[in-house]
Amino acid sequence: MLSLIVFLPIIAGLVILAVPSSQKQIIRIVSLLAALAQGVLAVLIWRGYDPSLPGITAGPGGSALGSFQFVEKLPWISLNLGGFGSLNIEYFLGVDGISVTMVILTALVSAIGVLSSWTIQKQVKGYFILYNLLASAMMGCFVALDFFLFYVFWEIMLLPMYFLIGIWGGPNREYAAIKFFLYTLFGSVFMLLVMIGLYFSVTDPATGLHTFSLVAMATQTNFNVAGAIFAPENHLWRQIAFIVLFVGFAIKVPMFPFHTWLPDAHVEAPTPISVILAGVLLKLGTYGMIRINFPLFPEIFRESMYVIGIFGAINIIYGALCALAQKDLKKMVAYSSISHMGYVLLGLSAGNSEGMVGALYQMFNHGTITAMLFLLVGVIYDRAHTRQIDKFGGLASYMPVYAAVVTIAWFASLGLPGLSGFISEALVFVGAFSSETTRPIAMVSVLGIVFGAAYLLWSLQRMFLGKRNDDAAYDLEVGQDGHEHIHFHDWKGKLDLDGRELAMLVPLVVITIFLGIYPMPVLGMLTSSINKLVQVLSPVVMSQM
Amino acid sequence: MFELPSGAEIQGIIASVQGSVGFFIPEIYLSALFMLLIVVDLVAKGRKNNLLAITTLVGLAGSTFFIYQQHGLPAGEIFFGMYVLDEFALFFKYFFVLSAIVAVVVTMADEQFDREVKSMGEYYALIVAMVIGMIMMASSADLIMIFLSMELVSFTGYILAGYFKRNARSSEAALKYLVYGAVSSGLMLYGFSLIYGITAQTNIIKISLELAAHGSDSLVMILATLLVLAGFGYKIGAVPFHFWSPDVYEGSPTPVTAYLSVASKAAGFALLMRFFYVAIPHAALPPEDKLGIDWLSLLMILSVASMIYGNVVALWQKNVKRLLAYSSIAHAGYLLLGILVMDQFGTQATLFYLLSYFIMNFGAFYVVILISNKTGSENLDDYRGLGRKMPLAGAALTVFLISLVGLPPTVGFIGKLMIFSALLTKGSLYIWIALVGIMTSVISLYYYMLIPLNMYLRESKQPDEKSMNLGMAPRIILAFLMILTLYFGLFFTPLSDFAKYSSAMFGITLQ
């Protein structure tokens, strides 16, 4: 099941390879079918998932599989290394509450990304091959339970992303693409060293051999190799490893001060890639922290909770202030992403169930809401070929449906009660306020909500309300590439959302509203896993060991 | 004066030589092939066909049979300790024969040869001669033998580098190669003479016993080691003995560049490992009698300098062959990392890295040749827009370059993984040097990606959109190499087991 959901897009990519590049429609349809099939599988996984099993670590009695579900475990590589025993890498997939929500999110956003890619005209074949490769790698990251496998998926994502931004991106795409590539690679190569070090520090209780299994690594008693670099007594090296991993993931989040690649990448990337980037890729950073960073080094996590919280607060406020200053709508949304990922960090730093559940829920909601925001930016860019906020005005009367969806998305993003963003942000703050360490940080972070409301409402007002901007907007012409010239006067009724765009946006709107009223479908899956995680991270468990 | 040996002694010598010949069959076979090629060239003179190349290919392929037969033979010394046969040497025999085969295949694809030279006669014979030399380098256990085999490799290398006689760059490359080569072998020979002066031995195993038993003046020993390192460093192209390589790599015919950068470098590594592991006791090795010298630190400096210099200077290169030359300097640095570990795993990692480097570097050079056939250029700027004109070549080159960076799922990633794992098994001792390796590989991403950047992200200056047909055979070979790079990136057990099997070296037991 999980293998299928991971490799479906790659299979679709191989099919596309055989299709002649002139058959653009067939290529698109194959991709869409794969994405839909992925969606069906995600729903099946969701239905079949038993939310009472926690996952996270090895199960009772030290069963190596833990209480993960849909587990697939095969020996993949077994190397004889002479004096060092053997190198064992497993093809080990499985989900718990944390990953299952991300799997659903990934399937959803990938499918919407395919729909959004319909307008790509240049080198369609290459585009969809890379897109499918990316979709597979993302999904693989969320279900891999072997560090080596995780790392492979993690790195495979980089190359397609590089090309997707670099070939199909905006004018400054070369710079943005290589910046993205270098930043993320910089984070992940150090992760490689930590991964090797962890391998030599951990044994699997079931076999007594070294292992890359993240499940085994999440139990501290398995760090039982005397003199190993990350053995419990080597506090300094464990601190270093924690920081290295954290930075590697934080680059992806992206956390201040490693965020500078994100606005560039977003501004240059085509709309579907922005959607994927904001909707799924950023989540991989925080997911990595939850899956790898924290449970493997719980005592370091406890030491550094307030530092993570401070960085979260900086992200929230700094991102919001930057968004406030942007003239380009897409850049504003990009910075709003940075701000919203700050809430995730803040929730994680609280270290309690409320905060962590809030963080996870925020990841899910940010995925759906930001996907919506970027799609909406793409819609206006397709029509006007500009994203400058001050070029627009009074759009609501020209594109009423569009304006309505934008309003919902914008309000969801600023956390209006009744929409999903509110619940997750509220949970994050409940968690952060109830923890002694993060309470002062939470107090400061609340400011972020105010700034967030400011930039969102302000942009909404400037673009959609009031009168047409007489100086600029009248001159805007649609289709500056010379195809169709519809003057701005005549926008009314002609250029509102079309069926394809509605097909992308309506499901997201429905999810946002539904999860704002009744969050239990997602929260229910998260709770038992998060409780287990909090238990793993808490000092009580440590002292019992 | 010398006493003449008695009859019985001569009998004994003859018997010993006769016994040794049985362990020397692949080399004899290859020498026969070398002469056969000269004869074929004489007979088939003037005919423009691939007869010579095919003879070479078949002949080289045949030699693997004789090498395979040696697996059953016991490891040991032959020819009075001049030469050894062990798994380590067998590995390199396969390695060199295979790289010669690939070099011939690559040469057949290179159209520049049709333009520049009339006859290919000596070319293939020289390739085979170089194989013989390199095999002997990997199997030598005696200072004299080491020197002779190295000179054999160097001389054939000089001629091959200058094979385009009428091309000024090629001649310049040959001359530079020669001058640097002469100086460094002179230095190496001086180092050998110092070692002989200290120990009165030329066999490396006896040298190590002598040094362990009686010790030596450490100053002389360090000087001798440094001088020897100059010779080996020149062959592996490590900083600071690298000055020849960018010019030689750029000027030589591209198949020769590929051959030199893979095979000749590997031969240097084989020699370096055997010589230092066996001959010179290291201070850190038991028994800790403070007799050895710390050559590991020397190698460490070489390694760090190569990784940093090669990767940083490559950033500014505009010519793809030159870029790959600097990358090969950097890879020498990574390979040295595995040697530093000085245990079985480290050796295994180094050998594995050599195998991975073999696949990806030959692959990259092969694409460079195919592209230069069509465009006549190796400049980065002329690669613009080629990704669409030759999709397979573009995709394959991207895979090879990703592998050279060391990203999964390619064989280059596994190579780096093994090297770094070997370093980390020593605990925190080598972490800092692993960090240098990691950092520089991030730098390398930038310049390797310049090639796909030009191929895919930029439009070509000429507006013609017609695709360039590579022909069937190059396509199959390219696809094969690309799949190999990916396959061994996911299922590397066979390669790695082979590397482990080959890490057994006669005369020393690695832990």
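Chain B has a radius of gyration of 23 Å, which agrees with the value near 24 Å that a compact globule of 511 residues would have. The model is predicted. The C-alpha atoms of chain B fill a box of roughly 80 × 60 × 40 Å along the principal axes. The secondary structure of this chain comes to 21 helices and two strands. Of its 511 residues, 63% count as buried. Among contacts in chain B with a separation of 6 or more, 81% join residues 24 or more positions apart.

Chain A was described in the same terms. Its secondary structure comes to 22 helices and two strands. The radius of gyration of chain A is 23 Å, close to the 24 Å that the globule rule gives for 545 residues, so chain A is as compact as a globular protein of that length. Along the principal axes, the C-alpha atoms of chain A fill a box of roughly 75 × 55 × 40 Å. Buried residues make up 65% of the 545 residues in chain A. Of the contacts in chain A with a separation of 6 or more, 76% come from residues 24 or more positions apart.

The interface between the two chains was examined next. Here, 38 residues of chain A are in contact with 43 residues of chain B. Together the chains bury about 3,700 Å² between them. Carbon and sulfur atoms carry 80% of that buried area. Across the interface, the rule finds one salt bridge. The side chains of Glu174(A) and Arg458(B) form a salt bridge, with an N to O distance of 2.7 Å.

On the side of chain A that touches chain B, the elements giving two or more residues are β1 (69–80), α5 (147–156), α6 (158–168) and α7 (173–201). The largest share of this side, 15 residues, comes from α7(A). By residue class, the side of chain A that touches chain B divides into 28 nonpolar, seven polar and three charged residues.

Two individual positions were also inspected, one in each chain. Lys93(B) lies in helix α4 of chain B, which spans residues 87–109. The relative accessible area of Lys93(B) is 1%; the cut-off for buried is under 20%, so Lys93(B) counts as buried. Leaving out residues up to four places away in sequence, Lys93(B) touches Glu27(B), Ile67(B), Gln70(B), Leu85(B), Ile135(B) and Ser139(B).

In chain A, Ser116(A) belongs to helix α3, residues 97–116. The relative accessible area of Ser116(A) is 5%, and Ser116(A) is therefore buried under the 20% cut-off. Beyond its neighbours within four places in sequence, Ser116(A) is in contact with Thr271(A), Pro272(A), Leu375(A), Arg500(A) and Met504(A). Ser116(A) and Leu296(A) are 180 residues apart in sequence. In space, the C-alpha atoms of Ser116(A) and Leu296(A) are 38 Å apart.

Notes
Residues numbered from 1 in each chain as written. Chains lettered and ligands numbered in written order. Predicted model: local features only at pLDDT ≥ 70, side-chain atom pairs only at ≥ 80, totals over all residues. Heavy atoms only, no water. Helix = DSSP H or I, 4+ residues; strand = E, 2+ residues; numbered from the N terminus. Buried < 20%, exposed > 50% of the residue type's maximum accessible area, 1.4 Å probe, protein only. Contact = heavy atoms within 4.5 Å. Buried area = accessible area lost by both parts, 1.4 Å probe. Salt bridge = Lys/Arg side-chain N within 4 Å of Asp/Glu carboxyl O. Nonpolar A, V, L, I, M, F, W, Y, C, P; charged D, E, K, R; others polar. Rg over C-alpha atoms; globule rule 2.2 N^0.38 Å.
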